[in-house]
Amino acid sequence: MIIIFFSTAKKGPAERLLGDIQTKIHGHRIEVDRTVEALCDRLHHPIRDQAIMILVPEDREQLEELISIGNLFNDSPILLVLPDKEPATISSGHRLYLRFVTYRDSDFSDLVSVLSKLIHHERYKF
């Protein structure tokens, strides 16, 4: 299992989330992409393991960029942290066919719990 974490922020809520994942999820590779271009390049290469995507766009514009490359996510489960609670942002986010959505002002405990359950489910999948 590989966790692909996307965020352009190197501090703030995204880094707090990354720290929570690194602290609470063990035994799985976490790859961090800091630009949409790097994420796009990463997704153009075959992923041998099952992948779970965690996307933390900075704003609605960056969310739209992620949606534009959504075909590259290859049906991987997507956990999304939305930048705001505006109806237009929420509606846009759901175009990615999410497994879970939360917001930047969250404490991220629910997201880490969902991630843990997804990993457990994929591990015992036949």
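Is T102 buried or exposed? T102 is buried, because its relative accessible area is 10% and buried means under 20%. The model in which this value was computed is a predicted one. T102 has its place in strand β5. The side chain of T102 is joined to the side chain of S106 by a polar contact of 3.3 Å.

The structure holds five salt bridges. One of them is formed by R34 and E15, whose closest N and O atoms are 2.7 Å apart. This pair links distant parts of the chain: E15 sits in helix α1, which covers residues 13-24, while R34 is in the loop between β2 (29-33) and α2 (36-43), and the two are 19 residues apart. How exposed are the two partners? R34 has a relative accessibility of 22% and so counts as partly exposed. E15, with a relative accessible area of 24%, is partly exposed as well.

A salt bridge also brings together the side chains of E64 and R95, with 3.5 Å from N to O. E64 counts as partly exposed, because its relative accessibility is 30%. For R95 the relative accessible area is 45%, and R95 is therefore partly exposed.

K85 and D105 are another pair whose side chains meet in a salt bridge, at 3.6 Å from N to O. Here, too, distant parts of the chain are linked: K85 belongs to the loop between β4 (78-82) and α4, D105 to the loop between β5 and α5 (109-123), and 20 residues separate them. D105 has a relative accessible area of 59%, so D105 is exposed, since exposed means over 50%.

Which residues form a patch of negative charge on the surface? The patch consists of E37, D41, E58, D59, E61 and E65. Helices α2 and α3 each supply at least two residues of this negative patch. E58, one of the residues in the patch, has its place in the loop between β3 (51-55) and α3. With a relative accessibility of 30%, E58 counts as partly exposed.

The last topic is the backbone. Most residues other than glycine have a negative phi. Y97 is not a glycine, yet its phi is positive, near 55 degrees. Y97 lies in the loop between α4 and β5. Y97 counts as exposed because its relative accessibility is 72%.

F108 also has a positive phi, of about 70 degrees, although F108 is not a glycine. The loop between β5 and α5 holds F108, and D105 is found in that loop as well. Is F108 buried or exposed? At 1% relative accessibility, F108 counts as buried, whereas D105 is exposed.

How values were computed. Residues numbered from 1 in each chain as written. Predicted model: local features only at pLDDT ≥ 70, side-chain atom pairs only at ≥ 80, totals over all residues. Heavy atoms only, no water. Salt bridge = Lys/Arg side-chain N within 4 Å of Asp/Glu carboxyl O. Helix = DSSP H or I, 4+ residues; strand = E, 2+ residues; numbered from the N terminus. Buried < 20%, exposed > 50% of the residue type's maximum accessible area, 1.4 Å probe, protein only. Patch = residues over 30% accessible without salt bridge, like charges linked within 9 Å, V, L, I, M, F, W, Y side chains within 5 Å. Areas by Shrake-Rupley, 256 points an atom, 1.4 Å probe, with all protein chains shown as cover. Lys, Arg positive; Asp, Glu negative; His and termini not counted. Charge placed at Lys NZ, Arg CZ, Asp CG, Glu CD. Polar contact = N/O pair within 3.5 Å; in protein donor to acceptor, adjacent residues only side chain to side chain.
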